[in-house]
Amino acid sequence: MKQLIGIALGATLATAAQAQETVVWWDFLSGGDGVRMKSLIEDFNAAHEGEIAIDATTLEWGVPFYSKVQTSVAVGEAPDIMTYHASRIPLAVSQGVIQPITDADWEQMGLSQEDFAEATWNAVTVDGKQYAVPLDTHPIVLYYNRELLKKAGRLNEDGTPMGLDSREGFEETLAALKDAGVEYPLGSVTADGNFMYRTIYSFMGQQDGELLTDGEFLAGDNAEKLQNALTVLQEWTKNQWQSTYTDYPATVALFTSGEAAMMINGVWEVPTMKDLADEGRLFDWGAVELPVIFDHASTYADSHAFAIPANNGVDEGTAKRDAVLEVMSWISKNSLFWATAGHIPANSGVTASEEYSQMEPNATYSSLTANMIFDPQSEFSGVAGPMFDVMSTYFVPTLNGEMDPAKAVEEIQYELNDM
Amino acid sequence: MIRNTKNDTLIAYVLIAPFLVIYGLIFVYPTINMFILSFQDAPLISFGPQSAEWTGLDNYTRLPDDRRFGTAFWNTAYFVLLTVIPGTLVALAIALGITRLSGRIQSLVLALFFLPYILPVSVVYRIWDWTLNFQFGIAMHLFDALGIDRIPIFKTSTWFMPAVAFVTIWWTCGFSILLFLAGLRAIPVEFYEAAELDNAGRWTVFRKLTWPLLWPVTALVLTIQLILQLKIFDQVYLFTTGGRPNDNLVMVYYIYQRAFQNDDGGRAAAIAVVLFVMVIVVSVLNFQLLRLAERKT
């Protein structure tokens, strides 16, 4: 009976607390970073008790999430705030599913262009308007096994791999690892072209190549630059320097079990490594910016950002809008904790902080922020977008040595321009 | 007692009304909408700046030159070829074997063959991915032991469709086995006793007795399989994600790509209409042909 009274009392209290704004939140963050986001949300709710409460739901990443957003906006049932990939923003704007963040909003949040890296700011900007508040950037990095590199004699004094500055140097490292008896010098997600897109696009960027220019895919010498990138990767396969037909989980497993000495993967795998290392089940590891294979450093990145859906009543001047802006502002300013998920916080105030510079391996690779490239701004790009499928179809056979890179580029060019 | 027929009719209408309403709402209405959408250049959901535009037959006339549509069409045909008749034959063979057993053994064996059918497709995918994974699959260790080169089964276009067809047969034949068993049990034992008296061999009994008497069930299984396999999507989607999706397209997958990934409602609807018509034509044709065959035997 006491319990019942307790429940009843709790219910009344909850009703009484209705004066506080409830912010309905959708995200697609599951796994390691999802856990960290939930704890950030709890901190937010604790700090805003009685004023704002976030009611969060985690949905399936990728196409399911974005389809649901689209339908919910159309019927006016969208959440108040949601996470969004910066790479999907051009598509979202053309579909009319998100609201612009106005100058007044930025001012109210106490954030501005100066707080973000240029590439990140541009990624959320369409036609001069911003459509989301970047939370982080998540590039790909090179993970490495210090013990194996040392065995192969390719570890620098400072604990980083040798030969990161040129193709010859990096290939020397790969060859040395092979000679030292390492089965796979480089663990590559060669069974998943969607994933390899990130590496290949980075290598194109290292030659100043662009995917989309004036509405045409792979125009001019961009096709050749894609071909160069594919050729390098195919040669690594032919020299047996990288794992073939390996899917994402298998690649991570090859690296963590010590069969692959290095691995190119997203920063979101940092928690996996950290947790394994804490349990004493991992070798001495590190992560650095991608090697420079062509002319200069360049790394693919995407950004998790917060967006306000359209058609949901969160209009300017409403109390709900104020609450949503407070959420975005607070989380952006407190995103240091988010960095433990491996991501680089987008707010440069956070990355400039003393605590962040102590955080490893983030501090080592955060230099790459200056060399980030984002997806081309197009309705076709973005994670789980149509461009991914075209690429994947030809990347997989090419990377595993079944298809000639020139042929693959020709097909990709045809299909992309045919979308 | 004189019955009021007018009242009866009314009651009949009231009783079927819920069905009609639901059927109309979730089948007839969307189908009509799909046809309308297929003549428009429209996003999947019309909202805000995007609006639908009438384009006449454009969505249809561009299909013959659409390479992905071609891939999807031929892959679907290939998949149907690989699954419908082989799947039916496999189920028939297993059912014939099971009828020869009796008692608990029979139930046990039947249960073993039926088990895969109750698995959700995601579990089926996991099992076979673990078995055939290029790096860690159990089957690959078997290949190594036998000295055969490892094959990245779901990553090559040569092996993809046959492998998915194999998995599909493994997964779905339990249901066909049940139908065949029911059919076999409906054949009176006396027929077999008479055949035995006539000293008929096993093959003759099957050819002259079991096969013709089982034909209606076989025809049913073939038709069900045909319709089901034309609509293949889940297995292909799961096994191809990240691999070579555009080489392994099937019709429903292509509809999904156009509708949900490209947000091209109009073109997706046109492909859906084509598939709709295909299913109707093929299944009617199939059923008529099978009936014809039945009359001949």
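1. A helix here is a DSSP run of H or I with at least four residues, a strand is a DSSP run of E with at least two, and both are numbered from the N terminus. Under that definition, B:Trp74 lies in helix α3 of chain B.

2. The model is a predicted one, in which local features need pLDDT of at least 70 and side-chain atom pairs count only at pLDDT 80 or more, while totals for chains, interfaces and linings use all residues. Residues are numbered from 1 along each chain as its sequence is written, and chains are lettered from A and ligands numbered from 1 in the order in which they are written.

3. Chain B contains twelve helices and two strands, and from the N terminus on these elements run α-β-β-α-α-α-α-α-α-α-α-α-α-α. The C-alpha trace of chain B spans about 85 × 80 × 35 Å along its principal axes. Of the 297 residues in chain B, 31% count as buried, a word that requires 20 or more other C-beta atoms within 10 Å of a residue's own, whereas exposed requires 12 or fewer and partly exposed covers the range in between, with C-beta atoms placed from the backbone.

4. Which way do helices α3 and α9 of chain B run relative to each other? The axes of α3 (residues 67–100) and α9 (residues 202–230) of chain B come within 9 Å and cross at roughly 150°, where axes are lines fitted to C-alpha atoms, for helices over the stretch in contact, and angles run from 0 to 180 degrees between N-to-C directions. That angle makes α3(B) roughly antiparallel to α9(B), since the label applies over 145 degrees. Among the residues that make the contact are B:Phe79, B:Val80 and B:Val84 of α3(B) together with B:Val221, B:Leu222 and B:Leu226 of α9(B); two residues are in contact if their C-beta atoms, placed from the backbone, lie within 7 Å.

5. Is B:Trp74 buried or exposed? B:Trp74 counts as exposed because it has 12 C-beta neighbours inside 10 Å. The C-alpha atoms of B:Trp74 and B:Val250 are separated by 7.9 Å, although the two residues are 176 residues apart along the chain.

6. In chain A, helix α10 (residues 222–238) has 17 residues and reaches 24 Å from its first C-alpha to its last, close to the 24 Å expected at 1.5 Å a residue. The buried residues of α10(A) include A:Leu226, A:Leu230 and A:Leu233, and what covers the buried residues of this helix includes α9 (193–205) and α17 (386–399) of chain A. After α10(A) comes A:Gln240, whose phi is positive, near 60°.

Conventions. Expected span 1.5 Å × (residues − 1). Parallel < 35°, antiparallel > 145°, perpendicular 65-115°, else oblique.
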